[in-house]
Amino acid sequence: MTGTVLAPLFVDALGEFFRPGTLSEVLLNGLSKAALYAMIASGLTLVFGLLGVLNFAHGSFTMLGAYLGGLVMVVLVGSATGDLARVLFFLVGTLVVFAAIGALGGAVEVGLIRQLYDRPPIYQILLTFGLALVLDEGARIVVAFYGLQPITDWRDALGTKPGFMAENLEVAGLTVAPLALFQIVFGVVTIGAVWLFLTRTRYGMVVRAGSEDDEMTAALGIDVNRVFTTVFALGSAVAGVAGMLLMWDPVWGASLPLAHETLLPAFVVVIVGGLGTFRGTVVAAGLVGLVDATMTWWFQNAITFTGLPEMMIFLVLVLTLIVRPQGLFGVEEVGGH
Amino acid sequence: MVAALALYPFVYALLVASPLGTEAETLLPRVDTMVGVFYFGLFAMSFDFVSGYTGYLSFGHAIFYGTGAYFVVLAANGQVPLLAPGTPFMLMLLLAGLLAVAIALAIGALSFRLSGVYFAMITLGFAQVAYVFVRGWDYVSENPKDGAAVSTDVHPDGFDVGIPWIDALNLEIGRLTGDTVEFLFVSLSGTEVSYYMVGLVVLVCYLAMQRLIHSPFGTVLLAIRENEERAEAVGYEPFQFKLAAFAISGFFAAVAGGLSGGYGRSVAPDSSMYFLVTGDALLASIIGGFGTLAGPLYGRLFDETVREFLSKRGSGGGLLPYLRDHLPASVIEADLVGGLTVGGAIETFLNGHASLYVGVIFVLFVLYVPNGLLGTVRDRLGGTVAKQLPDYLDRYRRD
């Protein structure tokens, strides 16, 4: 309770924290979280930048991706399946999730969101919020129908993880979680692909032009509505794939609350980075991921206050908005300043 | 409408006792549910007061509701410094409201420098920090994740609604601990007394907010919603008006939270501070009518009615128990597809899944009825009286 008791404990913990073993573990953890946040948030920020819609149903796409990915894996993988085959099946599952969630996202844009572009932005928040309710409850019905626990992680899907990812590796005295490495690699590849798409392809140029000024882009003879649909589908698909990655992660797992657990940090990342800037989102994902991992470590080792990591994430959000309201890389005009 | 609500418990009791009793029980919300409609409706109104009238979406509004609920429960347990457990409930509500005003001023001073999506997000951020905080704060109770309950040792009585320190003008609320009333030929159960007393507080709060909305102050709020720059150009300082609206709305949200804490004698972080609580208020506001003060109450009534209709519980009616009682077993057991019976299908797809249908209705409202129930009715009436009539007259004149 008193300072005299706390201080040595704190110093001990500080010394423990700066050991290379701990630092590398925290760093790896943070980067894997950053990779996941970046994947989920990049879709959110692309959609906001281009369509001006803050998508509350984004987390639900991640959750659906986790379940769908889990389903593919459970169907394909038997107990005899080797590790390499499991990774290959995972890639197959990724494609399935990408296509399915992308199609769903496209349908949502065409069917629902398109009708609201000329209304005040608040209506798009409302619509996607309602959509999230429907998707979550729909998933709950299906999940409960097949006798799965909706709240806890889906065990069978977790069980399809290759054996080598389940245990930690010891490399030169440092503990390395292969799953975290896998997530980082996967995230970097995905983010890299989206970035290349945006900056190196003609279509990506159109998307960037549309974010800048959609009326001007339309005036140049480009079908902006179709670009909107594509970007919404792409963003949803990447979020779905991120969900597929989370399915193997015992910390997250495929479950219904996953929708909120991912939506809120993704919001924080998007706002901290600056709405509508892809670069800002990636940087902010790194920042939030590392803060999260650091605080998780402190919470587990030194400070007994549950929920500390989550609290820190939102404090980052609040502080950013106070100090630099447009976010790290944001432009003043975006988002109704 | 107030009269209709005042008679509701009698009408409900009459209908349930009538030959069509089971149907009435199935369709109508129970009186107990209605108490929840009242206090949550007040919260939704306070949410609408700032969000619907100034256009600033206060997405962290649950922080004020939670403040009220936690304040009342902690005060009743003697855990609030300088406040005895026996403090009159009305005074607790007032203090909870003032605490919320202080919080609202602090949050608002920082948040109203932003607008649009950023405003919604920063208020959400503040509320989530508070949510995570109370969820981990072991001062609240031994298991803060599940919240706290009013201890029967420290505070054995129900919470009094009425004029403080005058016993004759107080009635206790609560499901089990509430007062019962025998007066002439009328006898009211604890729940029914709570219905009236909670309803009374909500009515007073509603009238206060109504008064504010129709004052010059409320007009400035509308001006800010419609065109903030112009309001500023005319000479009003939008920041001060927005901050004042936020604080007032925080006050009433805390009163609503306090009522819920007093009636339920407990508080849990997930049903008071979480962002989905704000979501429920949003839902009620949109269905009832965004920017109409009474609308959110009707929205909540609608929401709760649907939820109870599709609830799993047998008491108070609901679709499934009703069908079980009234359809022949052969229909219930009949196969639809591959071993799925009719009863099973209802169980799977309807029961306890009201969120799905409320969500669908919500989406339809956003798309096609953006003014909500009350807003649309007002539009219709306004259209017939104020607009249609001159048009009709014009037409006749030309002839």
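Helices here are DSSP runs of H or I with at least four residues, numbered from the N terminus. The legends below describe a predicted model.

**View 1. The end of helix α12 of chain A, and the glycine that comes after it.** Helix α12(A) is followed by A:Gly274, a residue whose phi is positive, near 105°. The helix itself takes in residues 258-273, and because 16 residues at 1.5 Å a residue should span 22 Å, the separation of 22 Å between its end C-alpha atoms agrees with that expectation. Much of this helix is covered, since 13 of the 16 residues of α12(A) are buried.

**View 2. The packing of helix α2 against helix α11 in chain A.** Helix α2 (residues 20-51) and helix α11 (residues 224-247) of chain A pack with their axes 8 Å apart and at an angle of about 165°; α2(A) and α11(A) are therefore roughly antiparallel to each other, as angles over 145 degrees are counted in this way. The crossing in which α2(A) passes α11(A) is left-handed. Among the residues that make the contact are A:Leu36, A:Met39, A:Ile40 and A:Gly43 of α2(A), together with A:Phe228, A:Val231, A:Phe232 and A:Gly235 of α11(A). Sorted by class, the contact of α2(A) with α11(A) comprises 17 nonpolar and four polar residues, with no charged residues.

**View 3. The crossing of helices α11 and α12 in chain B.** In chain B, the axes of α11(B) and of helix α12 (residues 295-309) come within 7 Å and cross at roughly 105°, which makes α11(B) roughly perpendicular to α12(B). The contact includes B:Leu283, B:Ile286 and B:Ile287 from α11(B), and from α12(B) it includes B:Pro296, B:Tyr298, B:Arg300 and B:Asp303. By class, the residues of this contact of α11(B) with α12(B) are eight nonpolar, four polar and two charged.

**View 4. The side of chain B that touches chain A.** The contact between the chains draws 33 residues from chain B and 37 residues from chain A. On the side of chain B that touches chain A, α6 (116-136), α11 (275-288), α15 (342-349) and α16 (354-368) each supply at least two residues, and the largest share, 13 residues, comes from α6(B). This side of chain B has 21 nonpolar, ten polar and two charged residues.

View 5. Of the contacts in chain B with a separation of 6 or more, 70% are between residues 24 or more positions apart.

How values were computed: Residues numbered from 1 in each chain as written. Chains lettered and ligands numbered in written order. Predicted model: local features only at pLDDT ≥ 70, side-chain atom pairs only at ≥ 80, totals over all residues. Contact = placed C-beta atoms within 7 Å. Nonpolar A, V, L, I, M, F, W, Y, C, P; charged D, E, K, R; others polar. Expected span 1.5 Å × (residues − 1). Buried ≥ 20, exposed ≤ 12 C-beta atoms within 10 Å, placed from the backbone. Axes fitted to C-alpha atoms, helices over the stretch in contact; angles between N-to-C directions. Parallel < 35°, antiparallel > 145°, perpendicular 65-115°, else oblique. Left-handed = near helix turned anticlockwise from the far one by under 90°.
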